[in-house]
Amino acid sequence: MAEYLTNTADLTAVADAIRTKGGTSAQLAFPDGFVSAVQAIEGAPDLQIVVTTSAGATVTATKGSKTVSGTADASGSCTLTVDETGVWTVTAASGSMSKSIDVVVGSAEATLNLIDPVFANNDWSAIIAACQSGSVPDTWAVGASKEMTINNKAYQIDIIGKDHDDYADGSGKAPLTFQLHDCYSQAKMHGSTGNNNWKTMTMRTSTLPAILKKMPAEVQRAIREVTKLTGVGQYSKLAESTADKLFILSDNEVGWSANSIEEGSVYSYYTTSAHLLKTYNGAKSSWWLRSPATDNNHIGDTNYVDKSGSVNSFSPSQTSYGVSFGFCF
C-alpha cells in the first residue's frame with residue numbers, strides 16, 4: 001500500500017510546485033486541495049500552423065515521419081494542429097501547382113501563393129495576391145487576358161501595362177494595369193453641358209463608382225488608387241492629377257499625342273493599333289477617352305476613339321460612347 005507524504009517539507013515542496021505551475025497563491029490542504037489545484041491547471045496550448053493559400057488547396061505539414069493535412073477554406077485559410085515544436089515543411093497543392101515553405105512552429109505563419117505561369121489559369125484571388133506581394137511572373141505578358149464576371153456577365157480583361165501606373169499613396173508602381181477588352185456599357189461622359197474636365201465629370205464621380213460596386217467583392221477590396229494626369233479642359237494646356245480606382249484612358253495612353261498636354265505615357269498594349277478597336281454587345285463601338293479637346297474647333301469637347309480606331313472629339317454630354325475602364329491592384 002502506497003504511503004502518503006507526511007512530513008511538512010515534502011508537502012510544502014509539492015504545494016509550491018503546484019502553485020507555480022497553476023499560477024496560484026492559494027492555500028492547499030492535503031490531499032483534496034492538491035487534487036483540485038492540479039485539475040485546474042490548463043494544458044499547454046495547441047501547436048498550430050496557420051496557412052494562407054488558394055481556396056480549396058490541400059495543405060500538408062511534414063516533420064520527419066509525421067504528417068498533418070487539411071484543406072484551405074473558401075477564404076484560403078487552413079489551420080493545422082501539430083504535436084511538437086521545431087521546423088515543419090508546409091506544402092500547398094492545387095491541381096498541377098504546388099509550393100512549399102519551412103516554418104518554425106510557434107513563431108510564424110505561412111503564406112503560400114499558388115501562381116500559375118499562364119495568366120488565364122489563375123483565379124482573381126491569385127492574381128491579386130501576386131500583385132500585392134510583388135511576385136508577378138514574367139510570363140504574365142501584356143496582352144494576356146482573363147474573364148471576370150461583373151453584374152452576372154463575363155467580360156474579358158486584358159493586361160495593358162506592367163510597372164506603368166504610380167500608386168496614388170506614393171508607395172511605388174502597380175505591377176500590372178488592366179482594362180476591359182471591349183466596352184462594359186455605353187454612357188455619356190458628363191451629364192450637363194459646358195464641362196470637359198475629368199475631375200468633375202459624371203463618368204468619374206458617378207458612372208465608374210457605380211460599376212465598381214458591381215465588381216466581385218474581392219476585386220473591389222483589392223483595387224488601389226493610381227495617379228492620373230489629365231488636361232483641365234477648355235483652352236488650357238495645363239494638366240492636373242487625380243487619384244482613381246477605375247479610370248478612362250487618356251489619348252496619350254493609347255498612343256495619340258496631337259496636343260501638347262502631358263497625360264501619361266502610352267501603354268505597351270496600345271503600341272499595336274488594332275487594339276484600339278472595341279465592341280459593345282458584339283457590334284463595333286466608339287469609346288471614350290478622358291482627355292479634353294484643346295483645339296479651337298472643339299472647345300468643350302472630349303476625345304474618343306471612333307469605330308475605325310482614330311481619335312476624334314465630341315461633346316461629353318450629347319452622346320453615349322463605349323465605357324472601357326482600367327484599374328490596378
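Author: Helices (H or I, at least four residues) and strands (E, at least two) are DSSP runs, numbered from the N terminus. This is a predicted model, in which local features need pLDDT of at least 70 and side-chain atom pairs count only at pLDDT 80 or more, whereas totals for chains, interfaces and linings use all residues. Residues are numbered from 1 along each chain as its sequence is written, and side-chain values use heavy atoms, with hydrogens and water left out.

Reader: In which strand does Asn303 lie, and which side chain does the side chain of Asn303 join in a polar contact?

Author: Asn303 belongs to strand β17 (residues 302–305). Its relative accessible area is 2%, so Asn303 is buried (under 20%; exposed is over 50%, partly exposed in between, with a 1.4 Å probe and protein chains only). A polar contact is a pair of N or O atoms within 3.5 Å; within protein, one must be able to donate a hydrogen and the other to accept it, and residues adjacent in sequence count only if both atoms are side-chain atoms. At 2.9 Å, the partner of Asn303 is Asp251.

Reader: Which residue of β18 stands opposite Val305?

Author: Two strands pair if DSSP finds at least two bridges between them. β17 is joined to strand β18 (residues 311–314) by four bridges and runs antiparallel to it. In β18, the residue opposite Val305 is Val311.

Reader: Why do the buried residues of helix α4 lie on the same side?

Author: In helix α4 (residues 202–212), the buried residues are Met203, Thr207, Leu208, Ile211 and Leu212. They lie on the same side of α4 because they cover an arc, taken from the directions from the helix axis to the C-beta atoms, of only 140°.

Reader: Against which elements do the buried residues of α4 pack?

Author: Contact means heavy atoms within 4.5 Å. The buried residues of α4 pack against β11 (185–187), α5 (217–222), β16 (287–292) and β19 (321–323).
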